[in-house]
Amino acid sequence: MYDFKTIQDAQRLVLHDSLHTYKVKNSSSSIAGQVMETPTKKGAIALFSSKDSMQKAHGVVVTSFEALDAIADRMTHWTPNTFNWLGYTQNRSSVRGHRENNLAQINSLVVDIDFADAAERDAREQEVLGAVTVADLFIPTMILRTAKGFHIYYVFDQPMFLRKKHGQFPVLKAAQKMSSFVRQWIQKRVAGVDVGCNNFGIFRIPRQDNLIFFDANMLIQVSALMKWSQYYAAQVPVTDQTGDKVISLSPDEGRQVDQAWFKALLKVTTVKSGHGLARHNTVMTLALAMYQSKVSQQRARDVLDVFNSNLHEPLVDREVVQCVRDAYSGGYRGAALSYVQGLLDQWVPNFSGKVVAGIGWHKFAKPRAERQYSHAHEWRNDVLALINRMGGSAASVAMSTRQIQAELGISPASLNRVMKQLQATSQLKRVQRGNQPTLLTTVTMLFKSAMVSRQAQSQAWTGYLTTLMPTVSATGYEPTVGTLTEMQAVSGDSAPPWGMETRRRTG
């Protein structure tokens, strides 16, 4: 268990000095201390005392670290990303203003992983720990154990400040895309990732009874995550079975309700609560598809009432009504591809065919088993997965190239090329030992080893990782519109973007 001072440090690390030091009113600090505080504009966060209070938005607005320290140990949830302002409804019963376009800065990405119950959570903890080092490059800053799962925090070393440009929030869009890619990466490696929850909403607050891992040195550099996101997007090209590029569809060229995925989801009866993309996300996605297809709102309610009543564990009626109302509010164009794909992966795993989501469609790539050759990134993933599996919770593992070749069926030339690529991108470290098998270390192994013995291992892997990423400006990360457009584009370049400058490390 971490001590109370470490918990406070973790909370402050996440918030990046975005609150005042002292309360504006009724501060217990000396007047001299308050006067010394720099009079710069700060933001606000919200805290909630229970999950039920959070769902009803019955919370407390906090604008200073003094106020946070006074109540944090009695709170269960918070907004780890800071808003420009927050207030209360007229009767002061609920918090208002916690919407994405009111964010002042984005401090971290949080991944929510939920299982059926606490027993499954505990049984799969090691599986989770092996899946949350994204691409063997990005390590969580802290991990919180929740009632049925985990909240994984990736704290930025500098916040992403939001600025409105030409009526849009390009930084927010970029952060949403990066968050989506991180969740997709983890979802492919462990079940239960909620890919549909609000990217920058409300999550568990670090406390002594839920914090199971924290290292203040493990901060994510935004520029590196952006480059990785561009690379990750390029690894899943939108192609048909012949390899040709797919032409995007305009919203009026196809109705989502006529697509196979909509009909498949409409037949599902096993969607449950609190298990990745769950009942609310499913109902909302189906409602959005009907909105995009110009189905009347009343007809959408009737269809979803039937769908909900067929579920083994249905939602209460008012939640279905609210989903339909939100879908038809005019704030959306239709069901999003990422949600559709996530729902199919979770509830219709045997679905095959094209997925149409209004503005474009994606057909499942030909399975690797049906191809004669493997892609380079597939071999890289195979090699890392093998080393991580063989290493277990150790910080390194002794393996010869012959052993890897035998396990994977990869040619010596391909393995040599893959190993060089992994070393060049700092995903793998090799230590030659003469005639003995080479010692291999990955970031995932270092992280799992640190979880087993934090104090003994932390300095070794912290020193190794701090040299991985480029430095970010001390004033915070605020990329240009051009940079954001670059990141959001799906590039055809297969070279890892973090190796663009062809820098080589020695030793």
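## Aromatic rings

Rings of Phe, Tyr and Trp (its six-membered ring) pair if their centres lie within 6.5 Å; planes under 30 degrees apart are called stacked, over 60 edge-to-face, and the rest tilted. In this predicted model, F138, F181, W185, W228 and Y232 make up one aromatic cluster. Searching the whole structure turns up eight aromatic pairs. One of them is W185 with Y232, an edge-to-face pair at 6.1 Å centre to centre and 65° between the planes. W185 sits in helix α7 (residues 170-187) and Y232 in helix α8 (residues 222-234), so the pair ties together parts that are 47 residues apart in sequence. Helices here are DSSP runs of H or I, at least four residues, numbered from the N terminus.

Both W185 and Y232 are buried, meaning under 20% relative accessible area with a 1.4 Å probe, protein chains only. W185 also has R189 over its face, 3.4 Å from the ring centre; that label needs CZ of Arg within 6 Å of the ring centre and within 35 degrees of the ring normal.

## Nonpolar cores

A nonpolar core is a set of buried Ala, Val, Leu, Ile, Met, Phe, Trp, Tyr and Cys residues joined through side-chain atoms within 4.5 Å. The largest has 92 residues, and I113, Y154, I186 and W228 touch the most other members. A second, separate core of 26 residues includes V14, F65, V155 and F203.

Mean pLDDT (the predictor's confidence in each residue, from 0 to 100) is 79, with 77% of residues at 70 or more. Over residues 357-365 it's below 50.

Residues are numbered from 1 along each chain as its sequence is written, and side-chain values use heavy atoms, without hydrogens and water. Local features need pLDDT of at least 70 and side-chain atom pairs 80 or more, while totals for chains, interfaces and linings use all residues.

Terms used:
Contact = heavy atoms within 4.5 Å. Helix = DSSP H or I, 4+ residues; strand = E, 2+ residues; numbered from the N terminus. Buried < 20%, exposed > 50% of the residue type's maximum accessible area, 1.4 Å probe, protein only.
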